[in-house]
Amino acid sequence: MDKRTHERKFVRTFFTTPTAVEGEDDSAKMLEGAAGLSGMEAPDVWVPDNEDATAPNMRDEGAQNIIDVVSEYGPDYPGEIHPRVVWHRDSPSTRYQGFQRMLEITDPDNGAVEYIDGFVIPEVGDIDDWKKADEFFTIIENEHGLEEGSLKMSVIIESGAAELAMGKLRDEMGKPTNNLQRMFLLVDGEVDYTKDMRAITPTGGLPAWPELRHNTSRGASANGLIAVDGPYDDIRDVEGYRERMTENQAKGMLGIWSLTPGQVVEANTSPLPPQAGYWLLDADGREVKLEREDGVEVYSGNRVSLEETDDGYVLSVGSDDLEVSEEELQEELLDLLDYVPSLDDIVDSMEEFEAAKESGKGAIAMTQSATVEIDGVQVDVSRDRMWDEATYQALQTPITLFQDVYENRPDQHDDLAELYDEAVVERAMDVGN
Amino acid sequence: MDKRTHERKFVRTFFTTPTAVEGEDDSAKMLEGAAGLSGMEAPDVWVPDNEDATAPNMRDEGAQNIIDVVSEYGPDYPGEIHPRVVWHRDSPSTRYQGFQRMLEITDPDNGAVEYIDGFVIPEVGDIDDWKKADEFFTIIENEHGLEEGSLKMSVIIESGAAELAMGKLRDEMGKPTNNLQRMFLLVDGEVDYTKDMRAITPTGGLPAWPELRHNTSRGASANGLIAVDGPYDDIRDVEGYRERMTENQAKGMLGIWSLTPGQVVEANTSPLPPQAGYWLLDADGREVKLEREDGVEVYSGNRVSLEETDDGYVLSVGSDDLEVSEEELQEELLDLLDYVPSLDDIVDSMEEFEAAKESGKGAIAMTQSATVEIDGVQVDVSRDRMWDEATYQALQTPITLFQDVYENRPDQHDDLAELYDEAVVERAMDVGN
Amino acid sequence: MDKRTHERKFVRTFFTTPTAVEGEDDSAKMLEGAAGLSGMEAPDVWVPDNEDATAPNMRDEGAQNIIDVVSEYGPDYPGEIHPRVVWHRDSPSTRYQGFQRMLEITDPDNGAVEYIDGFVIPEVGDIDDWKKADEFFTIIENEHGLEEGSLKMSVIIESGAAELAMGKLRDEMGKPTNNLQRMFLLVDGEVDYTKDMRAITPTGGLPAWPELRHNTSRGASANGLIAVDGPYDDIRDVEGYRERMTENQAKGMLGIWSLTPGQVVEANTSPLPPQAGYWLLDADGREVKLEREDGVEVYSGNRVSLEETDDGYVLSVGSDDLEVSEEELQEELLDLLDYVPSLDDIVDSMEEFEAAKESGKGAIAMTQSATVEIDGVQVDVSRDRMWDEATYQALQTPITLFQDVYENRPDQHDDLAELYDEAVVERAMDVGN
């Protein structure tokens, strides 16, 4: 993708906090709590949310809370800080309100601006609407003597018009009449998007919107920005949150909204390669992780079964029985098996390819092999995969992300040290440079 | 989405009828039959089809039939009337023919125009081609002393160029040189689209084209229009037609083409919330509706089974057995269960949230609970869902649709009275205003 | 789709070959091997690959090899020849290098240009970047006295920016300042695209990128070009390659990259209708081909079972048992069954419809019937499908492709003669004209 214009090349987590909660003796309590987080519980981007998460009648107080809390906690906060203000493509008064609060929050006399990296603008419409927001940023920077373009702008994609605008951004960015180079995050907002698209599901659950997420990721790629998925409401459902992130990562959307510190931990960890590699078996449509027992990968479910016969094997997948020779068995299993490499494995492969390149080879075969056990029967399987420069670069993304995290989040070094042993971390920081 | 420019905010049904059938003593017979429909059998938009559904050599007679039938039946027809005329991006002569027929049909001396809401233009190409059609509408309005923009224009999206044009419409609409504000429906035409895309399937069945339907729905959202899916050929397959509509609704495409009064009834009913709510169980990948028996939700299939043991339960899904405690069982079941709310349920939740908002609360938890029975074993499950303003608005769509239908289709009040009891209908008309 | 500007209306195969391999006594060996292919092993488009497939230090030699091999083998080569040169949206030096090599390869004094149909440009960015490449083509044509626009340009879509550019191509093509009418193929490059989108999958496998393939196919449709999918790395996995092509064909992407002559044979054959038609049964989510045994279609798996009882039948699909009457059984089976027509079947249906049209009918019912046997129980099923002009045209694509292949690839007549008997081929060449 294009060169990014900002420090962070990756954002895993986008964590929103209400800016003022009624009824508490201290309405900034939640804000202070979030401001004190660090390590895996602290997001890459923290969003004091002066829009939907805060009741309308509390938002002026919320703006003041942002100023107070950020000026106090800002110096030590490990991530970037991007408050969300009110904005709406259909309401000039809402837009003016958002502008006034941004102007106040960034007033150097209030001592918060030096810790604020940018603002999040919700409910944008087509590209001209994005320019209106950008123009307010420019005016604010000029009024407060800040460098033009120094405040980053992130938008929430929650309308069909905004989805289309992502396809036009590249044509507008860099024109002398705007400073859209300040753009940072493209964040999907599926709840309002669902309203805007007038979608209906029988249960009232949110549609998956795969095309929206693809287009957001593509918009980020085409403009050197970072794509972030919207909130995952069912906080109880950790498994579902993980599956959503895996889906997103396959689309190039490496960041996601988090509603709780627990979700932040999950989302900070999810895009990092596992500590130990493992094999997956496609058990009649369900992916099952094999257990490693002294070097053997064991399947213990009953969706797949294997039996040795006098003249070969019988492999049963679901209700299908296959009589196969040993070689056919290996072929069949290879189709069902897949390997998930650890950080260690990835670094190894990259180093191996780099060495091969040094010695003038353009492509080499990487071998994966294992002994798999099903119903007590053991089978050796092995597969080669060709690596060339393109493969190498495509598989480099998790390492580049790891390096970006390690450089920008020293507060997470201890957590990473618990996940991976030191040697791997060092090699991971070296490889590919 | 943007404010619509037309009366109807929703169109559930787009019903086409041949305008002239050869061999009949009265070639307008089918047209008269369709013109006489009312209630659930009458569509929101009726399309006397003077293009594909009518043989080329019968189309002049068809145009005359439209004039005769619409001027006679128009005064009492409950839906909107939008004849389809011939048009093709690659054929000026076809376009001119379509223009001449529109000019004739809308001639005030012929007495039909006051009952005609607009025309449907097939086979459009890129946005400049849409402008050519719009220009003919403008000339016709001017020739006949009709208000500029009073005739609505709907297009059939059946080419890749037209799919792309939907992404440009917003940039062109409102320019002084056109009247594209007259745009009304974006209707997918998958058969010709499949030809245009040169797609091949082994069985000759139509591809599902999920991206096209997403882009059409998005185009409607970004331009204040209404998205309608194409014809479902297999009239016999009612179940498949319903599944297609459920899929479409999750994309924000709430309308669909109907080829028979039977399909019209299905399509008019499909987007309306059910009369009674019910629970769904994900039975190893297949969604099964649970039967309510005196307050208990009973599963009677054999894809999922449940057994009580001394130290807990064994839950079997497909070929997977889980030994779980009661609490774990409830967790597992919650993951498999989903509730489909009735009109009554939705109105309740909305009223509850509105009351909470009155009392200054920004978000409340809505609780769903049930007693589920599997293999005679009963388990109580309960789930909370957080509602905030955004949730409220996103879930309001079916109610807004219901209200739009009720206001615009008095001829369907009796049918709705059979579906829902009066009290619910009254509350549904009240809520959210 | 729009009228194509080139001879070939379809391209099934895009076969790349390294232009210079180090260490061989003759670095052009592979190039010569590929240049000698014919029949089903020869692709529709052959791509001497002077980019990724060839080591950077061998590319000057590779350019010379292209000249030598193409000037020698070109006169007899059965397909089109489109070398790929280096190019990158982010590197002017790479672009200039690509230009210099194109200039050299097309120098009439070198005797290769008359056999070269165009060039493949990788790593393009947005539409202005495409224009830069087009401008070099124009300069080259002018320098060498070739007709402007006579060299075709194909691009590899391997960035989000290029994906978006396909949506703008139609607005730029035909402007007096460019010759983009030379555009020929839109080829997806999923490996680099995955890098550009920064996508991550647990196993390191490539994401399926369905939206990219849809948008590429749409871009081809909207601009009269041809869509081609990227390489399928796992050469061992023939089944997977076939499934990918079937998926692509349903998107209108009828061509695919081939890395070996074996893959070329598969890809040349895949879009052609089968020699003999057959029935498919949806066996609890898995499509199973039925075996024809003296006129009866037999299912011999155990995912579906059928039993005759005193008062009807019991049909078991997976773990669901249905008690049904004979009529209900036929309905159920029709939902599970599908027919894959042979070339013969398709030609029959088209001829039948053409005859009906002659006799003034606009639509006719085509009947498919069969006797199906499950667990020894035989059932007669029959289904009607309505055909109108649109159906006819949408189902004509495989025939148009067959005709295009037959006209442009005489070297494949023998292979086709082995696949189909002469009579069918003759009728297939006649029908639809």
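**Figure 1. A buried glutamate in a loop of chain B.** B:Glu123 counts as buried at 5% relative accessibility, where buried means under 20% relative accessible area, exposed over 50% and partly exposed in between (1.4 Å probe, protein chains only). B:Glu123 sits in the loop between β4 and α4 (127-143) of chain B. Helices (H or I, at least four residues) and strands (E, at least two) are DSSP runs, numbered from the N terminus. The phi angle of B:Glu123 is near 55°, a positive value in a residue other than glycine. Most residues other than glycine have a negative phi.

The model is predicted: local features need pLDDT of at least 70, side-chain atom pairs count only at pLDDT 80 or more, and totals for chains, interfaces and linings use all residues. Residues are numbered from 1 along each chain as its sequence is written, chains are lettered from A and ligands numbered from 1 in the order in which they are written, and side-chain values use heavy atoms, with hydrogens and water left out.

**Figure 2. A positive phi in chain A.** A:Asp284 is not a glycine, yet its phi is positive, at about 50°. The residue lies in the loop between β9 (278-283) and β10 (286-289) of chain A. With 24% relative accessibility, A:Asp284 counts as partly exposed.

**Figure 3. Chain A as a whole.** Chain A contains 16 helices and 18 strands. Its C-alpha atoms fill a box of roughly 85 × 55 × 45 Å, taken along the principal axes. Of its 433 residues, 56% count as buried. The accessible surface of chain A is about 17100 Å², and carbon and sulfur atoms hold 45% of this; such areas come from the Shrake-Rupley method with a 1.4 Å probe, and for residues only the protein chains shown count as cover. Among contacts in chain A with a separation of 6 or more, 71% come from residues 24 or more positions apart; contact means heavy atoms within 4.5 Å. Chain A carries 36 positive and 95 negative side chains, with the centres of the two sets 8 Å apart. Lys and Arg count as positive and Asp and Glu as negative, while His and the chain ends are not counted. The place of a charge is taken as NZ of Lys, CZ of Arg, CG of Asp or CD of Glu.

**Figure 4. The surroundings of a tyrosine in chain B.** B:Tyr115 belongs to the loop between α3 (92-105) and β4 (118-121) of chain B. Its relative accessible area is 23%, so B:Tyr115 is partly exposed. Leaving aside residues up to four places away in sequence, B:Tyr115 touches B:Val70, B:Ser71, B:Gly74, B:Pro75 and B:Ile81. B:Tyr115 and B:Pro75 are 40 residues apart in sequence, and their C-alpha atoms are 6.8 Å apart in space.

**Figure 5. The interface of chain B and chain A.** Here 45 residues of chain B are in contact with 31 residues of chain A. The two chains bury about 3400 Å² between them, with 49% of it on carbon and sulfur atoms; buried area is the accessible area (1.4 Å probe) that two parts lose on being put together, summed over both. The interface has 9 salt bridges, a salt bridge being a side-chain nitrogen of Lys or Arg within 4 Å of a carboxyl oxygen of Asp or Glu. In one salt bridge, the side chains of B:Arg170 and A:Asp126 meet at 2.7 Å, N to O.

**Figure 6. Salt bridges between chain C and chain B.** The rule finds 9 salt bridges across this interface. C:Asp320 pairs with B:Arg303 in a salt bridge, the closest N and O atoms being 3.2 Å apart. The side chains of C:Glu331 and B:Arg236 also form a salt bridge (2.8 Å, N to O). This pair crosses from helix α11 (residues 326-336) of chain C, which holds C:Glu331, to the loop between β7 (226-229) and α9 (238-249) of chain B, which holds B:Arg236. C:Glu331 is partly exposed at 34% relative accessibility, and B:Arg236 is partly exposed at 35%.

**Figure 7. A salt bridge within chain C.** C:Asp49 and C:Arg84 form a salt bridge whose closest N and O atoms are 2.8 Å apart. C:Asp49 lies in strand β2 (residues 45-49) and C:Arg84 in the loop between β3 (80-81) and α3 (92-105) of chain C, so the pair ties together parts that are 35 residues apart in sequence. Both C:Asp49 and C:Arg84 are buried.
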